[in-house]
Amino acid sequence: MVLAAAEIILMISMVLLVVAFFSLYERQVLSYSQSRKGPNKVALGGLAQPLADAMKLVSKNTQEPIHFGSFSFNASPLMFLFLVLLVWPSAPIVFMPPHWGFSGLWVVLVLSMSVYGTLVVGWVSVSKYAILGSMRSVAQSISYEIVLTTSLFSLFLFMGSLSISGFRPMQSPVWFIFTVFPLFIIVTLCLLAEGGRSPFDLAEGESEIVSGYSVEYGGVQYTCLFLSENISLVFSACLINSLFMGELASLKMTAILTGLVAVRATLPRMRYDAVMECCWLMILPLALLFMFLITVMV
């Protein structure tokens, strides 16, 4: 019991450390894509920038809504962060138990629960902008979650197992990214949409809804929301690596994250109707077609 608790604490510490420096890496990549310099002033050429950002965010105050309970307002970002961290035990990390045979099913379950965190965060803010942003984000997440679940079960059927760690020995001859490349594209798009990343960041359409469901938050609460979004993105890179590129490795994770950041740097935000049309009329039929083909083949 003590060993399991120590493993969980170590995993959470590693995830938070990676996310802190990923935010710095993302800002550097975005700055070079725009021909400008990124953070380079705070100690050792900008390496201490995540620490300075954390101190600044934590020191800010949050004005609680008058017509709602302060406990719900303050606890909802923590619930959001907890739901995002809850998916990490399924990651095939070295010190985590490799015999967990239903880790893929756990990923589907936790990802389907994450929409409740978004909905509650917008609802307890008692702001029309936050509620509108959370409703748009939830509608988008549920739509793409259906496609993601269909694609993941197609992969589980193709491999014959619900364990994510079981994908590694099956990809020793050739990675799945070469054998089922269309599913790789579909899963990547769905994970971007689930995390609200460009070009699917409709919850943060600044010209329409003023920064989405997090508009009323600041200080520690906004830090939890910011960490949740980046933790979700890092887990998406981990999941893509495990499902399509064999053994989990830091170099491959860095390449995947760089590609996801490059998507944000190059593609404009899509219209909401185009996002939904892309999901229901284009990606979902392809996902169902691949599930049918894999079912017939297996």
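Is Ser 112 buried, partly exposed or exposed? Ser 112 is partly exposed, because its relative accessible area is 21% and the partly exposed class lies between buried (under 20% relative accessible area) and exposed (over 50%), with a 1.4 Å probe and protein chains only. This is a predicted model, in which local features need pLDDT of at least 70, side-chain atom pairs count only at pLDDT 80 or more, and totals for chains, interfaces and linings use all residues. Residues are numbered from 1 along each chain as its sequence is written, and side-chain values use heavy atoms, with hydrogens and water left out.

**View 1**
Helix H4 covers residues 103-123 and holds Ser 103. Helices are DSSP runs of H or I with at least four residues, numbered from the N terminus. Ser 103 counts as buried because its relative accessibility is 3%. Contact means heavy atoms within 4.5 Å. Beyond its neighbours within four places in sequence, Ser 103 is in contact with Ser 90, Leu 162, Ser 163, Ile 164 and Ser 165. Ser 112 also has its place in H4.

Helix H3 runs over residues 70-85, 16 residues in total. Its first and last C-alpha atoms are 24 Å apart, close to the 22 Å expected at 1.5 Å a residue. The expected span is 1.5 Å times one less than the number of residues. At Ser 76, shortly before the proline Pro 77, H3 has a kink of about 30°. The bend is the angle between axes fitted to the seven residues ending at a residue and the seven starting there. Buried residues of H3 include Phe 73, Ser 76, Pro 77, Phe 80 and Leu 81.

Helix H12 (residues 272-297) has 26 residues, which should span 38 Å at 1.5 Å a residue. Its end C-alpha atoms are 36 Å apart, which agrees. A kink of about 35° sits at Ile 283, shortly before the proline Pro 285. Val 275, Met 276, Cys 278, Cys 279, Ile 283, Leu 284, Ala 287 and Ile 294 are buried in H12. H5 and H8 are among the elements that cover these buried residues.

**View 1. Cys 279 in close-up.**
Cys 279 belongs to helix H12. Cys 279 counts as buried because its relative accessibility is 0%. With neighbours within four places in sequence left aside, Cys 279 is in contact with Ser 143, Tyr 144, Val 147, Leu 284 and Pro 285. Leu 189 lies 90 residues away along the chain, yet its C-alpha is 9.6 Å from that of Cys 279.

Axes are lines fitted to C-alpha atoms, for helices over the stretch in contact, and angles run from 0 to 180 degrees between N-to-C directions. H10 (residues 219-244) and H11 (residues 250-266) have axes that come within 9 Å and cross at roughly 120°. H10 and H11 are therefore oblique to each other. Angles under 35 degrees count as roughly parallel, over 145 as roughly antiparallel, 65 to 115 as roughly perpendicular and the rest as oblique. On the H10 side, Leu 233, Val 234, Ala 237, Cys 238, Ile 240 and Asn 241 meet residues of H11 including Met 253, Ile 256 and Leu 260. The axes of H8 and H10 come within 10 Å and cross at roughly 165°. H8 and H10 are therefore roughly antiparallel. Leu 183, Phe 184, Val 187, Thr 188 and Leu 191 of H8 meet Ser 236, Leu 239, Ile 240 and Phe 244 of H10.

**View 2. Backbone exceptions in the loops.**
Most residues other than glycine have a negative phi, and most peptide bonds are trans. Ser 35, not a glycine, has a positive phi of about 60°. Ser 35 is in the loop between helix H1 (2-33) and helix H2 (49-59). Ser 35 counts as exposed because its relative accessibility is 73%. Val 126, not a glycine, has a positive phi of about 50°. Val 126 is in the loop between H4 and helix H5 (128-159). Val 126 is partly exposed, with a relative accessible area of 42%. The peptide bond from Ser 198 to Pro 199 is cis, with omega near 5°. Pro 199 lies in the loop between helix H8 (181-194) and helix H9 (206-209).

Notes. Helix = DSSP H or I, 4+ residues; strand = E, 2+ residues; numbered from the N terminus.
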